[in-house]
Amino acid sequence: MDGDHSCCRNMPEPNQIGKMIRELNSAFKKNFIICGTAEGLDEVTLMHGWIMGYLYHNQGREIYQKTIESDFGIKRSTVTTILQLMEKKGYIRREAVEGDARLKRIFLTEQGKETAARTKTMIEQIEHRVLEGIGKEELETFCKVVQKLLANMDQ
């Protein structure tokens, strides 16, 4: 053995994992914004797109602000701001629940459904491009590692 650690050549240096995750997130956001602008969705932020997709796929469920807070792991004040802006732009509507006026169920409007469908198609195209040249086993390993990283950070 000549001291060549070729198996570790692609290993990140210490304290680089966070940087790599941030770079991956930034690259995904950049692609999303570029593709969104090309599709005429320039007013839709990444989080709006995720929330609209979530609402679109959960149309049979009762979704409230608290549901979004817990499922996305974001603060109440942040969700409030996002939902107010989405409502102002016409993507969602909030209806008070009978018996508790403070509780508001969230629905996609027709515009929100259309935008969610377009956003979903766009995200699928981005993910297809991102996964080019990555085999099934590599992707499974990546998913397992991400799940472990998330679990470790929840401790």
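The dialogue below moves from a helix to a core, a pocket and a hairpin.

Guide: This is a predicted model, in which local features need pLDDT of at least 70 and side-chain atom pairs count only at pLDDT 80 or more, while totals for chains, interfaces and linings use all residues. Residues are numbered from 1 along each chain as its sequence is written, and side-chain values use heavy atoms, with hydrogens and water left out.

Visitor: In which helix does Thr-67 lie?

Guide: Helices are DSSP runs of H or I with at least four residues, strands are runs of E with at least two, and both are numbered from the N terminus. Thr-67 belongs to helix α3, residues 65-72. Just after α3, Gly-73 adopts a positive phi of about 65°.

Visitor: Is Thr-67 buried or exposed?

Guide: Buried means under 20% relative accessible area, exposed over 50%, and partly exposed in between, with a 1.4 Å probe and protein chains only. Thr-67 counts as buried because its relative accessible area is 14%. Gln-65, Ile-68 and Glu-69 are also among the buried residues of α3.

Visitor: What do the buried residues of α3 pack against?

Guide: Contact means heavy atoms within 4.5 Å. The buried residues of α3 pack against α2, α4, β1 (92-97) and β2. Leaving aside neighbours within four places in sequence, Thr-67 itself touches Tyr-54, Arg-61 and Glu-62.

Visitor: How many residues has the largest nonpolar core?

Guide: A nonpolar core is a set of buried Ala, Val, Leu, Ile, Met, Phe, Trp, Tyr and Cys residues joined through side-chain atoms within 4.5 Å. The largest one here has 23 residues, and those with the most contacts inside it include Leu-55 and Ile-68. Helix α2 gives the most to this core, with 5 residues.

Visitor: Which residues line the second largest pocket?

Guide: Rolling a probe the size of a water molecule over the atoms shows where empty space is left. The lining of the second largest pocket includes Tyr-64, Gln-65, Arg-94 and Arg-102. The elements giving two or more residues to that lining are α3 and β2.

Visitor: How do β1 and β2 pair?

Guide: Two strands pair if DSSP finds at least two bridges between them. β1 and β2 pair in the antiparallel sense over 6 bridges. They form a hairpin with 2 residues between them, and Gly-99 in the turn has a positive phi of about 95°.

Conventions:
On a 1 Å grid over the protein atoms alone, a cavity is a set of points where a 1.4 Å probe fits but cannot get out, and a pocket is an open set with protein on both sides within 12 Å along at least five of seven lines; lining residues have an atom within 4 Å of a point.
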